[in-house]
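Let us take a friendly walk through a protein model together. Keep the picture at hand and look up each part as we reach it.

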Amino acid sequence: MKIGIVDADLLSRTKHRFPNLVCMKLSGYYKEQGHDISLLSDWAFSPNAFDKIFISKVFTDTYCPDNLLKLSNVEYGGTGFFYDKAKPLPYEVEHHMPDYHLYDKYFGDLSGNDLKYYRDYSIGFTTRGCIRGCSFCVNQNRKSCEKHSSVYEFMADDRKYICLLDDNVLACKEWRSVFDELNSTGKRFQFKQGMDERLLTPEKCKVIFNSHWIGDYIFAFDNIKDKELIQSKLDMLREYTNKVPKFYCFCGYNHQSPDNYSIEFWKQDIADLFERIAILMKYNCLPYIMRYKDYELSPYRGMYIDIAAWCNQPNFFKKKTFRELVSLRGGAAQKYAEDFEKECPEIAYKYYDMRWQKNY
């Protein structure tokens, strides 16, 4: 068969710089069966030129022409289409070595640091699932985390590094064997989706901070209700490393009553976000702001943009206060912050002028 593969996120999102694992697995599986595989480079392709077309996307807001999805020779899937209801791949595809050269023609010689995940990394899951059941997450229907595959299933000899997409590796009972196997490869690795800091123990700290790591140590601080637990785990973490971990900070979402928002909720959400940033700053950790789509509904939408602009650029975050950053940006950014300060002076007084200081 002549098979076309579409990475919808690549075609429709600006500066999308991470390969679609499903597309690479499909390509690897069908190439091994002797089929002719093409990665389609734009939406102008002729569907009739292919016996089968696979379309995959990760993000729900990624554009995909509706007319394509109705064609008999098109199959589509992924969290971008079905979110938490996405069907798993057939076993033989899920556990096939990805085709890491699927994107070679699209990106030419694959030069530049922006393309490192296409060029330098083996990518896959060693565990799947999560124990948390967060209502905003694609894993909300999962109740456990279990071993999924050996790293050798998706590790290519010609790739220098390993990138893991595990949902919550520290929740897996076999977490230690996962790390042992990763370290046995001799290759540096990272867990890109982040790890659950609430599950840290002294043993886990020893293993994590003595592993062959590359890039940031990434955790999450998604809800202010975990404040005391997070701080206790940060105290523990600091007994084992003086590195600067990164924490995803989720915001713009009502954990108690999803989709039920009020002015008071938005004010409190911003105050809670600032408080999480203050805690992380105290422990020399970097916050990375992750905005839920509903932040667009907030009368303080500009504040979420300002805070993300401050935190998500470490060079700014480490050198400037929030007030200094918005003053430097000027224009709408400064106006958002000034208007919020007039309405919520107590929040601005507490957080606008806090400054990073190296404590570890």
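This is a predicted model: local features need pLDDT of at least 70, side-chain atom pairs count only at pLDDT 80 or more; totals for chains, interfaces and linings use all residues.

Residues are numbered from 1 along each chain as its sequence is written, and side-chain values use heavy atoms, with hydrogens and water left out.

## Salt bridges

Side chains of opposite charge can pair when their charged atoms come close. A salt bridge here is a side-chain nitrogen of Lys or Arg within 4 Å of a carboxyl oxygen of Asp or Glu. Searching the whole structure gives 26 salt bridges.

| Salt bridge | Closest N to O distance |
|---|---|
| Lys246 and Asp216 | 3.2 Å |

To place these pairs we need helices and strands, which are DSSP runs numbered from the N terminus (helices: H or I, at least four residues; strands: E, at least two).

Arg132 is partly exposed at 32% relative accessibility, whereas Asp196 is buried at 7%. Both residues also belong to a network of salt bridges that links Arg132, Asp196, Arg198, Lys225 and Asp226.

Glu203 is partly exposed, with a relative accessible area of 43%, and Arg176 is partly exposed at 35%.

Lys246 and Asp216 form the last pair in the table. Lys246 is in strand 11 (residues 246–251) and Asp216 in the loop between helix 9 and strand 10 (218–220), with 30 residues separating them. Is Lys246 buried or exposed? Lys246 is buried, with a relative accessible area of 19%, while Asp216 is partly exposed at 34%.

## A sheet and its helices

Strands of a sheet pair through backbone hydrogen bonds, either parallel or antiparallel. Two strands count as paired if DSSP finds at least two bridges between them. In which order do the three strands of the open sheet stand? The order is 10-11-12, and the pairing is parallel. Strand 10 and strand 12 (286–291) are at the edges with a single partner strand each, so one side of each has no neighbour in the sheet. On average, neighbouring strands are turned by 30 degrees against each other, direction ignored.

Strand 11 and strand 12 are joined in the parallel sense over six bridges. Cys249, for example, has Ile289 in strand 12 as its bridge partner.

Axes are lines fitted to C-alpha atoms, for helices over the stretch in contact, and angles run from 0 to 180 degrees between N-to-C directions. Contact means heavy atoms within 4.5 Å. Helix 12 lies across strand 11 and strand 12, and runs at about 145 degrees to strand 12.

Two packed helices are described by the angle between their axes and the distance between the axes. For helix 12 (residues 301–311) and helix 15 (residues 331–343), the axes come within 9 Å and cross at roughly 115 degrees. Gly302, Met303 and Asp306 of helix 12 meet Ala333, Tyr336, Ala337 and Phe340 of helix 15.

Lys15 has a positive phi of about 55 degrees although it is not a glycine. Lys15 lies in the loop between helix 1 (8–12) and helix 2 (21–32), and Lys15 is exposed at 72% relative accessible area.

Tyr83, also not a glycine, has a positive phi of about 50 degrees. Tyr83 is in the loop between helix 4 (79–82) and helix 5 (91–94), and is partly exposed at 30%.

Finally, find Asp294 in the loop between strand 12 and helix 12. Asp294 is buried at 6% relative accessibility. Apart from neighbours within four places in sequence, Asp294 is in contact with Gly252, Asp259, Tyr261 and Trp266.

Technical notes. Buried means under 20% relative accessible area, exposed over 50%, partly exposed in between (1.4 Å probe, protein chains only).
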